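Let's take a friendly walk through a protein model, starting from its inside. Keep the picture open as you read.

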Amino acid sequence: MIRRSPPARLTRRLRAAKEPIASPDSARANGQRAVFFDRDGTLNEEIGHVLDPQDFRVYPFAARAVRLVNQAGLLAIVVTNQSGVGRGLFAESAVRRVHRQLTRRIEAGGGRLDAIFYCPHHPEALVERYRVACSCRKPAPGLLEAAATQFGIDLTKSFVVGDRFVDITAGRRVGARSVLVLTGVGRKELEDEESNGIAQPDHVAENVYEAVRWVLGNLGNRK
Ligand SMILES: [Mg+2]
Ligand SMILES: [Zn+2]
């Protein structure tokens, strides 16, 4: 049975209070833009479900990538599927702990994440309250849309960076441009015949840092 999905969860609003963002209305008028980062395999090593936060490893170049986005004046937002919650593998508190770790690692490298959105659902989740065909599990675009509403983002002027075709597809559905990175499962995804022809990325990059360099070089170009 398909139920109406609960709203996407925002784990943390990371921008300091003394540095308020523009109101959604004025931001939309200003065409607020964002780079949406997938988490696993994009900012940190892909190890499957992160059962133990000790095993969580952020790529050394991830903070530099985020910092470039900050410096360019775009929002840096993480959007991640964490169905391990629904599957009963770990609690949402564990996801938040990992996200505090991610935030600290990025900050230690001089970058700043504006927000992290995650989807805890799965259509066949063991935990009943997460068992929904939700609108936020990528490739559904719900996390992107929730961020857009909260921050007044123009998704058609924004970018999605990820290592799976579900990331690319989510971006495509809202008119954002996308970059597939070859870290995580990216290289395998690209080689997988079945993935081809679904939704092709606008660019393929070695890693998230190179992806951001491409994004910043293509802010004005729409192909
Ligand atoms: Mg990934
Ligand atoms: Zn969801």
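**Starting from the core**

The largest nonpolar core holds 58 residues, and those with the most contacts inside it are V35, F36, I77, F117, A147, V161 and V208. A nonpolar core is a set of buried Ala, Val, Leu, Ile, Met, Phe, Trp, Tyr and Cys residues joined through C-beta atoms within 7 Å. Buried means that 20 or more other C-beta atoms lie within 10 Å of the residue's own, with C-beta atoms placed from the backbone; 12 or fewer makes a residue exposed, and anything in between partly exposed. Helix α4 (residues 142–151) gives this core its largest share, six residues. Helices are DSSP runs of H or I with at least four residues, strands are runs of E with at least two, and both are numbered from the N terminus.

This is a predicted model, where local features need pLDDT of at least 70, side-chain atom pairs count only at pLDDT 80 or more, and totals for chains, interfaces and linings use all residues. Residues are numbered from 1 along each chain as its sequence is written, while chains are lettered from A and ligands numbered from 1 in the order in which they are written.

Now look at α4 itself. Seven of its ten residues are buried: G142, L143, L144, A146, A147, A148 and F151. After α4 comes G152, with a positive phi near 65 degrees.

Helix α5 (residues 165–173) is largely enclosed by the rest of the structure, because seven of its nine residues are buried. What covers those buried residues includes α4, β5 (159–162), β6 (177–181) and α6 (186–191).

Definitions and conventions:
Two residues are in contact if their C-beta atoms, placed from the backbone, lie within 7 Å.
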